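Please keep the sequence and the structure at hand while reading.

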Amino acid sequence: MTHRFELPTCYRLVKILNNLSLNLVAAVLAVLCVLPFIISISASFSSEKALATYGYSFFPFEFSTAAYQLIFKASQDLVRSYGVTFFVTVMGTLLSLVVMAPFSYALGHRGFKLRKILAFYLFITMVFSGGLVPWYILIKQYLKLGNSIWVMIIPFLVNGWTIIILRSNFATLPQEILDAAKIDGAGEWRTFLQIALPMTAPTIAALGIFLALGFWNTYYPALLFIDDRKLYPLQYLLYILQTNLEMFLKNPNITGISIPVVSLRYAMVVLIGAPIVIFTLFFQRYFVKGVYLGGMKE
């Protein structure tokens, strides 16, 4: 006769309350993370007078699309800048992973003789920098990347912290599986592509999200190296629009013109943030899975 073990009622109740409290805290934190974006959307659709009178709220007191109408007057430039930013984000993320994943695998490979030297070289580049002026001269005069869309991609393909995380994941792969692949006749590239890469795919996907965020928000290279308006990324185009409007309003000879400066700023936040928020929502399962597996590895 078998006896079924059952937890005491008080213990089950405590466990249920603990789970509820954790879910409640997580829900509150999630709402707090979403609230700024909701307020930004509301402010972008509010009139300038309502924002000055009533302040910020979850719903606009006076609905107005003046900020978006002002932005979409440059609709051709806006669509082109969206295309440039999408290209930089997609190509930059893919090329970064293509470059960093094999390098990280080599650093995590126990039989690779140069891994300590390359790891030290990577560490030096993370600690010391050549400075802005040598970096500018290198890109502008030697690499000839001025006024090129690749200036927003190539200089940022390698990130030391991303390589360290990937290297740690590759180093924790079961050596028995890698040895079994070699016994079956697989070379290093086949082992990497068919064994190591699929086993670390969730972590790579999670890091890819962070890389995509970085490429999406980049505008500094455009500020330094790009003069062609057709190559302006979205962030830089909106920055120029905002700067021109502020200079326009500071002109003492111009009076009687009302421009929604505050709501315009929030409309820019919405236009920049909405696509990447949607992208993150679609790929959040890979991020969660990657973080979970990364924490479970020993």
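## Ser96, a polar side chain in helix α4

A polar atom of the Ser96 side chain lies 2.7 Å from the backbone oxygen of Gly92. This distance, like every other value in this report, comes from a predicted model. Ser96 is placed in helix α4, and because its relative accessibility is 0%, under the 20% cut-off, Ser96 counts as buried.

Leaving aside residues up to four places away in sequence, Ser96 touches Phe156, Leu157, Leu211 and Phe215.

Thr85 counts as buried because its relative accessibility is 2%, and a polar atom of its side chain lies 2.8 Å from the backbone nitrogen of Leu234.

The contacts of Thr85, again without residues up to four places away in sequence, are with Trp216, Pro233, Leu234 and Gln235.

In soluble globular proteins, nonpolar side chains tend to be buried together. Here the largest nonpolar core has 36 residues, and within this core Ile71 and Met152 are the residues with the most contacts. Two or more residues each are given to this core by α3 (66-71), α4, α10 (201-216), α11 (220-225), α12 (234-249) and α13 (261-296), and the element that gives the most is α13, with eight residues.

Met152, when residues up to four places away in sequence are not counted, touches Val84, Val88, Phe215, Pro221, Ala222, Ile226, Leu231 and Pro233. There is also a second, separate core, which has 15 residues and includes Leu97, Tyr105, Leu107 and Ile163.

## Packing of α5 with α7

Helix α5 (residues 115-127) packs with helix α7 (residues 160-171) at an angle of about 145 degrees, and the two axes are 10 Å apart; the crossing of α5 and α7 is left-handed. From α5 the contact involves Arg115, Leu122 and Met126, while α7 contributes Gly160, Trp161, Ile163, Ile164 and Arg167.

By class, the residues in the contact of α5 with α7 are five nonpolar, one polar and two charged.

## Packing of α8 with α9

For helix α8 (residues 175-183) and helix α9 (residues 188-199), the packing angle is about 145 degrees and the axes lie 10 Å apart, with α8 passing α9 in a right-handed crossing. The residues that make this contact are Ile177, Leu178, Ala181 and Lys182 of α8, together with Glu188, Thr191, Ile195 and Met199 of α9.

The contact of α8 with α9 consists of five nonpolar residues, one polar residue and two charged residues.

## The chain as a whole

How many helices and strands does the protein have? There are 13 helices and zero strands, so that the pattern read along the sequence is α-α-α-α-α-α-α-α-α-α-α-α-α. The protein has 298 residues, of which 32% count as buried, with Ser96 and Thr85 among the buried residues.

Among contacts between residues at least 6 apart in sequence, 71% join residues at least 24 apart.

Definitions and conventions. Residues are numbered from 1 along each chain as its sequence is written. This is a predicted model: local features need pLDDT of at least 70, side-chain atom pairs count only at pLDDT 80 or more; totals for chains, interfaces and linings use all residues. Side-chain values use heavy atoms; hydrogens and water are left out. Buried means under 20% relative accessible area, exposed over 50%, partly exposed in between (1.4 Å probe, protein chains only). A polar contact is a pair of N or O atoms within 3.5 Å; within protein, one must be able to donate a hydrogen and the other to accept it, and residues adjacent in sequence count only if both atoms are side-chain atoms. Contact means heavy atoms within 4.5 Å. Axes are lines fitted to C-alpha atoms, for helices over the stretch in contact, and angles run from 0 to 180 degrees between N-to-C directions. Helices (H or I, at least four residues) and strands (E, at least two) are DSSP runs, numbered from the N terminus. A crossing is left-handed if the near helix is turned anticlockwise from the far one by less than a right angle, and right-handed if clockwise. Ala, Val, Leu, Ile, Met, Phe, Trp, Tyr, Cys and Pro count as nonpolar, Asp, Glu, Lys and Arg as charged, and the others, Gly among them, as polar. A nonpolar core is a set of buried Ala, Val, Leu, Ile, Met, Phe, Trp, Tyr and Cys residues joined through side-chain atoms within 4.5 Å.
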